Structure formats: C-alpha cells, structure tokens
Amino acid sequence: MSADLDPEEFRRLGHAVVDWIADHRAGLEKLPVQTGVEPGWVRAQLPAALPEDPAPLQDLLDTVDRVVVPASTLWQHPRFFGYFPANASLHSLLGDVLSGALGAQGMLWSTSPATTEVEQVLLDGFAAALGLDPAFTFAGGGGGCIQDSASSAALVALLAALHRASPGWRETGATGAERVYVTSETHSSLAKAVRVAGLGARALRVVDTAPGSLAMSPDALAAAQRDDVAAGLRPVLVCATVGTTGTGAVDPVRAVAGVAREHGAWVHVDAAWAGVAALCPEFRHLLDGVELADSFATNAHKWLLTAFDAGLLWVRHADALPAALSITPEYLRNAASESGAVVDYRDWQVPLGRRFRALKLWAVVHGTGLSGLRSHLREHVALAADLADRVRADPLFELGAEPSLALVCLRVVTGAGPEADDAATREVLTRVNASGEAFLTHTVAGGRYVIRVAIGSVSTGPEHVDQLWQRLRSEAVAVVGQVSP
Ligand SMILES: *Cc1c(COP(=O)(O)O)cnc(C)c1O
C-alpha cells in the first residue's frame with residue numbers, strides 16, 4: 001500500500017485546505033498584523049515527539065489555527081508595511097500548486113523540457129515588458145532565469161565576474177587582488193556574496209555616495225578603481241542599486257557602468273524591489289543605463305504578486321554563468337546538452353536541483369495580465385505620494401528622505417532637537433507595531449532614525465494607508481505630548 005494519499009482522498013482534503021486559505025485571506029484584515037509571542041511559546045505548544053500513527057487533516061488545521069497563525073507575522077495583511085512586502089497572491093499560489101503537482105526537477109533541459117522552456121519564454125517576455133535591452137533575451141544572445149533570491153543572483157553574478165576577470169580562477173581560486181565595489185546603502189547580500197566566494201571582506205570596497213545623496217558617486221568610484229589598479233589590484237564587479245533597501249535611493253547606473261567598464265569590471269544592477277516598476281513606462285527611466293550592465297536582477301516575490309521565491313536574473317551573455325559554474329559528472333551527460341541546442345539551468349545557479357518556479361509567475365501574469373500588474377504598482381506609488389503629502393503638511397512629522405516609488409521614510413518632529421526626534425520616532429514605531437493594527441520597520445538614513453512605510457502588500461488600498469496614518473498621528477500626539485514642555 002502506498003504511503004501517499006489516494007487521489008480521491010486528496011481531492012476531498014485539498015478542498016478543505018483551499019477553504020482554509022480562502023477563509024484566512026478573507027478574514028486577514030480583522031486579525032492583528034503581528035502578536036507579541038514570547039520566544040519558545042510555539043515550541044512549548046507542540047508535542048516534542050513526532051506522531052507514531054496517522055492523524056486526520058483537521059487536527060493539523062486546528063493546530064495551525066491555535067498555534068501557527070497567532071505566532072505568525074501576517075505578511076499578506078493589507079496593513080503590513082514593513083521591510084519590503086513579499087506578495088503571495090492567490091494567483092501565484094495556484095501556479096505553485098501546479099508546480100508541486102508535477103514535482104519535476106528542472107536541473108537539465110532533458111530532465112523536464114517544459115520546466116526550462118516555460119521559464120525561458122517568461123523571462124524573455126518580461127525582459128521586453130520591462131524595456132530591457134534585447135541583448136538580455138535568449139534571442140539576443142543573453143538570457144534570464146529564476147533564482148531563489150536576489151542574494152543568489154548577486155552571488156552567481158560575482159562568480160561569473162570572477163571567471164571573466166581571470167579564467168584561471170576556476171583552477172586556482174581567488175588571488176587576493178579582486179575588488180568589488182558597493183556603497184554603504186548596497187544590500188548586505190553583496191557583502192555575503194564576497195564572503196561566500198572566499199574573497200574576504202578586504203575585497204569589498206565601499207564607495208562614497210554623492211554629497212547630500214545616498215546614491216553612488218561615479219567620481220568616487222573612478223577614484224577608488226584608479227587607486228586599486230595603481231596598487232596592482234583588480235576591479236572585478238561593481239554593483240549599482242536601483243532602489244536601495246533602506247530608502248529606495250537609485251545609483252546613477254549609466255555613469256557608474258561607464259566608469260566600471262574602464263577597468264573591465266562586471267556591472268551588476270540590483271533592482272530587487274524597484275526593478276519591476278519598469279513595467280510602467282512612466283517609471284522606466286529608473287532603468288536608464290541598464291543596457292550597459294552585464295547582469296540585472298529584480299524580484300517577482302516582493303512587489304510583483306508572486307509568492308517567494310522568484311528572483312529574476314538576466315545576463316547579457318548566455319554563456320557567462322555556465323562558463324563559471326558548469327561541472328558535468330558522467331551521470332548527467334545527455335545528447336540534448338551535448339547538442340548545444342538547449343539551456344541547462346543547473347549551470348546558472350549554485351544548487352543542482354531546481355523547482356518549476358516559472359509556473360507561479362506564469363499563473364500571475366496569466367491571471368492579471370500586464371495591465372493588472374501595472375495597476376497594482378501604480379496604485380501603491382500613488383498611495384505613497386499621498387502619504388508623503390500628508391507628512392509634509394503635518395508639523396508632527398517630516399520626511400526622512402524623498403519618497404521613492406512606494407517607499408516613504410518619515411520621522412516624528414518634537415521641536416526638541418534631533419536626538420529627541422529619533423527617540424520619539426522609535427517610540428512611535430514600537431507603539432504602532434504593539435497595537436497590531438499595522439506593521440512597520442525602520443532604518444537609519446544620514447545618521448537619523450526613520451520609520452520606513454513600504455506600501456506594497458497584495459491587498460493594500462487607500463483605506464489601509466488611511467488607517468496607518470491615523471494610528472501614526474495618534475501615537476505621535478501621545479509621544480510628543482510627553483516630551484515637549
Ligand atoms: C530585498 C533586497 C535584496 C535581497 O532579496 P532576497 O531575494 O531576499 O535575497 C537585495 N537587494 C535589494 C536592493 C533588496 O531590497
């Protein structure tokens with residue numbers, strides 16, 4: 001007898017799970033975005049030993065209701081404004097179920113041709129829809145793939161860059177002369193990629209931002225590269241960010257790429273959050289200069305309705321990643337790979353195995369159309385502009401940075417100086433999160449503490465930003481009332 005469910009039994013239980021999901025999503029708004037459980041609370045609710053005997057699905061769903069949901073931060077809640085929201089639309093869940101149903105391993109084209117080719121078609125299609133240079137498509141000699149994350153995209157871009165800088169790298173490893181250029185605002189995944197690649201933290205060069213801005217200074221990059229080359233070091237990769245995680249700052253990609261190319265460095269553009277906005281022609285200017293880059297990454301799993309994980313990565317040369325990463329043991333040899341007529345995505349990533357992630361992205365774009373994706377993005381940008389106007393008009397608040405797309409950084413104004421403002425802002429953040437009504441996170445920008453309001457959850461609409469603003473104001477009144485004389 002099979003240990004698996006009988007398909008008819010699956011049909012019955014599957015309906016119950018779908019009902020659970022539909023009820024959960026329909027009721028989300030009434031739940032607190034986050035509850036304050038103590039560390040260890042969840043573990044204390046669960047039996048330590050695994051069940052020896054089978055039990056009904058309903059028991060599991062009851063435990064999810066009783067233990068899991070109350071201890072979950074509800075990332076799909078419409079008043080989740082923390083970090084960058086991670087959209088898991090119901091469209092994408094349906095695609096993910098289909099992917100799991102097939103259960104195919106897409107490591108090679110030959111292990112499941114559709115797994116590879118659907119992904120190729122989608123990535124070429126998105127390249128066109130984002131207005132990327134056709135050189136990033138398979139037809140144009142480049143190509144795209146779906147990584148698990150923007151962090152992995154940065155890592156494999158770095159490995160391709162190391163190979164391009166020195167094909168001997170595959171034999172001898174890093175020499176100690178490699179340098180990678182970022183700013184203080186670059187995502188920490190670049191520092192991690194440098195560490196994972198074995199370059200050591202000394203390989204990371206933190207280039208100054210331009211005066212009065214949080215964007216990379218091309219002049220400072222030029223000077224850093226010049227000094228390094230004069231010292232016998234080798235610029236390997238420059239990372240330009242479109243939409244930094246802290247404040248949404250945008251590095252001047254065209255100028256940065258121009259400077260990077262003088263010494264042959266690979267240009268990686270990290271647009272993990274903001275890149276998808278280029279689906280709207282009015283935001284496409286953000287990608288100005290990306291046609292000069294070697295690789296470009298943006299996440300469908302932040303703002304593009306697709307459940308984690310779906311980090312989209314394009315490279316200008318389809319052979320760049322395989323040249324750095326391909327290793328073929330005998331048991332993976334096959335006629336299709338040897339013909340050179342197919343793409344083997346295992347050579348574009350660190351692990352061998354890979355899921356059929358393209359199905360959930362396909363389900364999203366099929367279900368919403370590009371027009372639906374554009375309205376989703378536009379609505380959140382408009383809500384952010386509206387929130388920024390309210391901040392500007394209110395003496396209790398000020399902007400901590402210029403709003404960037406759907407990200408607004410704000411702080412409380414006490415009238416008692418920067419330190420008091422920082423403390424009051426921190427206190428307001430703590431109170432809003434403790435209320436369970438909304439969820440916010442913070443950063444430090446230009447040395448000052450700011451609250452980040454990242455608008456972008458799947459079902460966030462005007463009423464939710466309104467509720468957030470009312471809550472922010474009432475907490476600020478309470479807190480500032482306490483500090484001012
Ligand atoms: C979120 C983010 C990342 C990391 O994304 P993962 O997909 O979680 O690795 C990288 N860069 C920027 C700019 C980000 O905002």
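T368 touches H91, L305 and L373, leaving aside residues up to four places away in sequence; contact here means heavy atoms within 4.5 Å. Before I go on, this is a predicted model, in which local features need pLDDT of at least 70, side-chain atom pairs count only at pLDDT 80 or more, and totals for chains, interfaces and linings use all residues. Residues are numbered from 1 along each chain as its sequence is written, and side-chain values use heavy atoms, with hydrogens and water left out.

Back to T368. This residue lies in helix α14, residues 358-393; helices are DSSP runs of H or I, at least four residues, numbered from the N terminus. The T368 side chain reaches the backbone oxygen of V364 at 2.8 Å. That is a polar contact, a pair of N or O atoms within 3.5 Å; within protein, one must be able to donate a hydrogen and the other to accept it, and residues adjacent in sequence count only if both atoms are side-chain atoms. From F136, 232 residues away along the chain, T368 is separated by 24 Å between C-alpha atoms.

Next, the helix pairs. Two packed helices are described by the angle and the distance between their axes. Axes are lines fitted to C-alpha atoms, for helices over the stretch in contact, and angles run from 0 to 180 degrees between N-to-C directions.

Helix α4, residues 90-102, and α14 have axes that come within 7 Å and cross at roughly 140°. On the α4 side the contact is made by H91, S92, G95, D96, L98, S99 and L102, and on the α14 side by L359, K360, A363, V364, G367 and T368. By class, that gives five nonpolar, six polar and two charged residues. Ala, Val, Leu, Ile, Met, Phe, Trp, Tyr, Cys and Pro count as nonpolar, Asp, Glu, Lys and Arg as charged, and the others, Gly among them, as polar.

The second pair is α6, residues 150-165, and α8, residues 188-196, whose axes come within 9 Å and cross at roughly 45°. S151, A154, L155 and L158 in α6 meet S189, L190, A193, V194 and V196 in α8. The residues of this contact divide into seven nonpolar, two polar and no charged.

Last, the ligand. Of the 13 residues around it, A150, S151, D270, N299 and K302 come nearest, a residue being near if one of its heavy atoms lies within 4 Å. A side-chain N or O atom of S151 is 2.5 Å from a ligand oxygen. For A150, a backbone N or O atom lies 2.8 Å from a ligand oxygen. The side chain of H301 has an N or O atom 3.1 Å from an oxygen of the ligand.

Note on methods: Helices (H or I, at least four residues) and strands (E, at least two) are DSSP runs, numbered from the N terminus.
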